[in-house]
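Hello,

Here is the structure I promised to pass on. Please have it open while you read the notes below.

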Amino acid sequence: MPELPEVETTRRGIAPWLDGSEIRHVKVHDARLRWPVPTQISALRNLPVKAVARRAKYLLIHTEQGTLLIHLGMSGSLRVCDASTPRRKHDHVEFFLSNDNILRLHDPRRFGCVLWDTDDGAEHPLLSQLGPEPLGEDFHADYLKQALKGRKAAVKNLIMNNHIVVGVGNIYAAEALYRAGIRPGRAGARVSLSECVVLVSAIKEVLGTAIRQGGTTLRDFVNSDGQPGYFAQSLNVYGRSGEPCHHCDGIIKSKTIGQRASCYCPQCQR
Ligand SMILES: [Zn+2]
């Protein structure tokens with residue numbers, strides 16, 4: 001599943017092709033995505049693109065008339081092609097650009113979506129309830145401490161909760177908790193303010209590193225240049241159950257938290 005770093009990598013990949021361009025028209029080949037592609041999208045014409053932004057894992061293409069919301073779901077990817085490139089199977093939606101390129105949404109499993117908001121998307125029901133961006137200034141230790149206050153749920157589940165902070169997927173949560181020395185199953189309320197300081201900076205570090213490396217997780221993720229966006233990131237705990245810790249003589253353990261395997265080092269994480 002494309003995680004926040006892949007979505008941000010996609011945003012950075014497609015933005016230069018869209019900025020200053022116009023979406024001439026949109027061709028929907030298969031509207032049966034997670035939510036049906038609204039028919040009004042096929043009717044859109046000549047939309048000058050103002051900016052390509054991201055909120056959580058949604059790409060927002062801001063135009064003069066409104067905003068396209070695109071989510072990559074489980075298996076989606078976006079790619080900019082020149083007009084002579086044949087459409088591939090599973091290229092469900094095509095955005096024809098004034099620079100003669102085509103932005104194509106490829107999504108074999110069709111869990112992605114393409115939606116339209118007549119405003120800037122901020123008040124769209126999918127976006128309006130989301131917590132802060134993990135890399136933004138609103139996500140800081142005091143905020144996180146407040147958000148974890150009184151919460152008995154595992155800290156790993158809480159940092160993966162989109163109402164608390166968006167875009168911290170399973171891998172990044174596990175790796176950030178390892179860096180912060182906090183066990184994934186510890187109750188949120190039992191994470192101190194000084195630990196929140198370390199945890200917030202660990203979350204920013206792991207996501208920032210992944211964005212710099214161009215995304216890490218999905219084998220069939222394809223970035224806008226058509227290159228695989230699968231970069232081996234050095235993982236300390238994720239997927240390493242039973243292997244030796246990189247920083248002590250302990251062995252990485254796995255525990256099921258919120259129906260997901262959560263790996264941690266019992267010596268480095270308390
Ligand atoms: Zn260790």
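Is the crossing of α1 and α6 left-handed or right-handed? The crossing of these two helices is right-handed, that is, the near helix is turned clockwise from the far one by less than a right angle.

Before the rest, a word on the model. It is predicted, so local features need pLDDT of at least 70 and side-chain atom pairs count only at pLDDT 80 or more, while totals for chains, interfaces and linings use all residues. Residues are numbered from 1 along each chain as its sequence is written.

Helices (H or I, at least four residues) and strands (E, at least two) are DSSP runs, numbered from the N terminus. Helix α1 packs against α6 (residues 193-213) at an angle of about 40°, and their axes are 9 Å apart. Axes are lines fitted to C-alpha atoms, for helices over the stretch in contact, and angles run from 0 to 180 degrees between N-to-C directions. In the contact (C-beta atoms, placed from the backbone, within 7 Å), Leu4, Pro5, Glu8 and Thr9 of α1 meet Leu207, Ala210 and Ile211 of α6.

There is also an open sheet of eight strands, ordered β5-β7-β6-β1-β2-β3-β4-β8, with antiparallel pairing; a pair needs at least two DSSP bridges. Its edge strands, β5 (77-82) and β8 (113-117), each pair on one side only. Helix α1 (residues 4-18) packs on this sheet as well, touching β2, β3, β5, β6 and β7.

Best wishes

Technical notes: Two residues are in contact if their C-beta atoms, placed from the backbone, lie within 7 Å.
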